[in-house]
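Hi,

Here is the structure I promised to pass on. My notes on it follow below.

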Amino acid sequence: MDLVNLYIEDCGGRDNISETTRNHIRRIAYLQCVLEDCEAQYVRTGDTSFESRLEYQRLANSQSRLMSKIGLLIEADPKAHDDDDELDPLSYANGGSRPKRSKRSG
């Protein structure tokens, strides 16, 4: 089964998606192929330019936006890891869970 069909199934099947969603899915699949080609080229050569990294980033961001738009990309809850932000680095490194204390100058 190709990427388009897999993504269509992830969106609920052919009978349950609009033509607009089908268009987005075709673009998402195309971008995935282009991104994988870029990755394979990097693996073969081990070389990459600033321009190629920038283009890769643009393509990956475009793919993510399209996936989010049609519900294929489920964002993780940003609050899920907020507890880690409350730890001071030393306590965290020692396996503790003491919140960090901010010192404010008054």
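Let me start with the largest pocket: by class, its lining has three nonpolar, three polar and three charged residues. (Ala, Val, Leu, Ile, Met, Phe, Trp, Tyr, Cys and Pro count as nonpolar, Asp, Glu, Lys and Arg as charged, and the others, Gly among them, as polar.) This is a predicted model, in which local features need pLDDT of at least 70 and side-chain atom pairs pLDDT 80 or more, while totals for chains, interfaces and linings use all residues. Residues are numbered from 1 along each chain as its sequence is written, and side-chain values use heavy atoms, without hydrogens and water.

Leaving aside neighbours within four places in sequence, Leu72 is in contact (heavy atoms within 4.5 Å) with Tyr7, Asp10, Cys11, Ile28 and Met67.

Gln63 counts as buried because its relative accessibility is 10%, and buried means under 20% relative accessible area with a 1.4 Å probe, protein chains only. With neighbours within four places in sequence left aside, Gln63 is in contact with Tyr7, Ile28, Leu31, Gln32 and Leu35. Its side chain also reaches the backbone oxygen of Ile28 at 3.3 Å.

Best wishes

Conventions: Buried means under 20% relative accessible area, exposed over 50%, partly exposed in between (1.4 Å probe, protein chains only). A polar contact is a pair of N or O atoms within 3.5 Å; within protein, one must be able to donate a hydrogen and the other to accept it, and residues adjacent in sequence count only if both atoms are side-chain atoms.
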